[in-house]
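I opened the notebook to record what I looked up in this structure, beginning with the helices and moving on to the sheet and the core.

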Amino acid sequence: MATIDYTDKRTARLDVEFTFAAAHRLPRYDGPCFRMHGHNYQMFVAVEGEIDPQSGMVADFGRVKEIVQEHVLSRADHRTLNDVLENPTAENIARWVYEILAPHLPGLVEVRLYEIPGCCVTYRGSLGG
Ligand SMILES: [Zn+2]
């Protein structure tokens, strides 16, 4: 068996996928999305950091899943997103998720949210504003 044991430090990025179902309506939109409707959202939470030479990991996938379940999915899955955001566009939902997770998830770099297949929003935090 070949042994590869890295002792130098390199970074890597984890992307962890989640799905949740939620209802919303867009109060400022002139079109069908003004009316209440639902989506099966697909979400990727990205964590980046140094690969720990001892564990060989950036973060524990299981721990990332627990944190997202506890802080986000418990508030979003099978909920009406207008109860937490006045204008729950995909952009605002991605930002909401990012801001909830940031204090709990070291190395969080990005939240990518698909409202429908093939169309996603990527939120990476403040641009300095
Ligand atoms: Zn919608």
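How are H1 and H2 oriented to each other? I noted before answering that this is a predicted model, in which local features need pLDDT of at least 70, side-chain atom pairs count only at pLDDT 80 or more, and totals for chains, interfaces and linings use all residues. Residues are numbered from 1 along each chain as its sequence is written.

**Helix pair.** I found that H1 and H2 pack at an angle of about 120°, with their axes 10 Å apart; axes are lines fitted to C-alpha atoms, for helices over the stretch in contact, and angles run from 0 to 180 degrees between N-to-C directions. H1 and H2 are therefore oblique to each other, since angles under 35 degrees count as roughly parallel, over 145 as roughly antiparallel, 65 to 115 as roughly perpendicular and the rest as oblique. The contact involves Ile 67, Val 68, His 71 and Val 72 from H1, and Val 97, Ile 100 and Leu 101 from H2, where contact requires C-beta atoms, placed from the backbone, within 7 Å. Helices (H or I, at least four residues) and strands (E, at least two) are DSSP runs, numbered from the N terminus.

**Sheet.** I then traced an open sheet of five strands, with mixed pairing and the order S3-S1-S2-S4-S5; strands pair if DSSP finds at least two bridges between them. Its edge strands are S3 (79–80) and S5, each pairing on one side only. S1 (residues 11–24) and S2 are antiparallel over 14 bridges, and Phe 20 stands opposite Tyr 41 in S2. H1 packs on the sheet, where H1 touches S1, S2 and S3 and makes about 25° with the direction of S1, whereas H2 lies across S2, S4 and S5, at about 145° to S4.

**Hairpin.** S4 and S5 (residues 119–123) run antiparallel and are joined by five bridges, and I saw that Val 111 has Tyr 123 as its bridge partner in S5. Two residues lie between these strands, and Gly 118 takes a positive phi near 90° in this hairpin.

**Core.** The largest nonpolar core has 22 residues, of which Val 47, Val 64, Val 97 and Val 111 touch the most other members; such a core is a set of buried Ala, Val, Leu, Ile, Met, Phe, Trp, Tyr and Cys residues joined through C-beta atoms within 7 Å. S2 (37–50), H1 (61–76), H2 (90–101) and S4 (108–116) each supply at least two residues of this core.

**Gly 62.** I checked Gly 62, which lies in H1, and Gly 62 counts as exposed because it has 9 C-beta neighbours inside 10 Å (buried is 20 or more other C-beta atoms within 10 Å, exposed 12 or fewer, partly exposed in between, with C-beta atoms placed from the backbone).

Conventions: Two residues are in contact if their C-beta atoms, placed from the backbone, lie within 7 Å.
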